[in-house]
Amino acid sequence: MVNEKKRKMVLVLCAGELDRALACMNIAVGGASMGMDVTVFCTFFGLNAIRKDGVAPAPRPEEEPKRVGLFGARALRRAFARLNPGGGKYMNPSRFSFWGLGRRLMARLMRDSRMANLDELIKLGSSMGVKFIACTTSLEALGIPRDSLRPEVEKFAGVATFLAEAVESDVQLFI
Amino acid sequence: MADKKVDCIGLYCPVPIAQAAEAIRAVGEGDTVTILADDPGVESDFPNWCRVTGHELVSMAKTDEGYEIVIRKRSRGG
């Protein structure tokens with residue numbers, strides 16, 4: 001069973017729910033613990049998992065999209081950014097969200113039972129060699145500036161990067 | 001043969017296997033790592049972790065606190 005070739009795993013985190021993000025990072029840490037090369041590709045609201053906590057600062061003018069079709073699009077993007085804070089502290093569970101109360105309860109329950117939270121899992125994974133990639137299209141679409149991402153994010157890329165990793169991987173999961 | 005102790009009492013998956021992996025990396029070939037854990041998942045996780053990584057599961061015993069698992073680092077790579 002022991003194969004000298006290093007196994008690879010690629011995970012796509014596509015959704016912004018806390019439970020999905022926790023499961024993703026748990027599997028990533030597990031893979032790294034088993035000697036695998038692990039890549040976590042975050043896209044759409046999955047990006048929230050690898051953002052610093054809170055509302056992203058307004059993008060600098062040079063970071064704004066080149067073509068802004070709609071009048072008032074900039075204001076719309078800012079409003080959206082305000083409604084979509086990032087980081088594990090602001091991610092709601094997929095059930096019992098209760099407008100933010102649920103995530104506080106869940107955080108409390110997890111802390112009391114000494115379960116690792118999202119921040120700890122990402123730090124642990126990164127220290128074990130898990131690579132975090134942010135999807136550039138989603139960053140643009142959601143108006144998330146690159147400097148609001150966590151320092152563990154090492155690469156910005158698109159679908160071809162994911163697919164190149166995926167064809168070489170032994171395990172591919174879409175979460 | 002040296003032995004390294006890792007106390008994971010009160011910690012949940014995936015922390016015990018992550019700490020075990022770290023400890024195994026730190027010890028020399030043929031040395032052992034003893035893990036104390038009480039997450040019931042370890043009963044299935046450590047045999048599987050060893051099967052994939054190639055390290056030897058020397059023993060797994062139930063204790064009052066949970067489990068005591070002894071792993072020996074394999075002699076090549078790891």
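Tutor: Start with the contacts in chain A that have a separation of 6 or more: 79% of them join residues 24 or more positions apart. Two residues are in contact here if their C-beta atoms, placed from the backbone, lie within 7 Å. Keep in mind that this is a predicted model, where local features need pLDDT of at least 70 and side-chain atom pairs count only at pLDDT 80 or more, while totals for chains, interfaces and linings use all residues. As for labels, residues are numbered from 1 along each chain as its sequence is written, and chains are lettered from A and ligands numbered from 1 in the order in which they are written.

Now for the setting. Chain A has six helices and five strands (DSSP runs numbered from the N terminus, helices being H or I with at least four residues, strands E with at least two). Along the sequence they run β-α-β-α-α-α-β-α-β-α-β.

The spot to look at is Ala116(A), which sits in the loop linking helix H3 (101-112) to helix H4 (118-127) of chain A. Why does Ala116(A) count as buried? Because 22 other C-beta atoms lie within 10 Å of Ala116(A); buried takes 20 or more, exposed means 12 or fewer, and partly exposed is in between, with C-beta atoms placed from the backbone. Of the 175 residues in chain A, 37% are buried.

Who touches this alanine? Beyond its neighbours within four places in sequence, Ala116(A) contacts Leu121(A), Leu124(A) and, from the other chain, Val15(B). There's also Leu22(A): 94 residues away along the chain, yet the two C-alpha atoms are 9.0 Å apart.

The contact between the chains takes 13 residues from chain A and 14 from chain B. On the chain A side, helix H1 (residues 18-33) gives the most, with four residues. By class, that side has eight nonpolar, four polar and one charged residues (nonpolar: Ala, Val, Leu, Ile, Met, Phe, Trp, Tyr, Cys and Pro; charged: Asp, Glu, Lys and Arg; polar: the others, Gly among them).

Met25(A) touches Leu121(A) too, along with Leu118(A), Ile122(A) and Gly125(A), leaving out residues up to four places away in sequence. Met25(A) is also among the residues that touch the most other members of the largest nonpolar core, which has 60 residues. Such a core is a set of buried Ala, Val, Leu, Ile, Met, Phe, Trp, Tyr and Cys residues joined through C-beta atoms within 7 Å.
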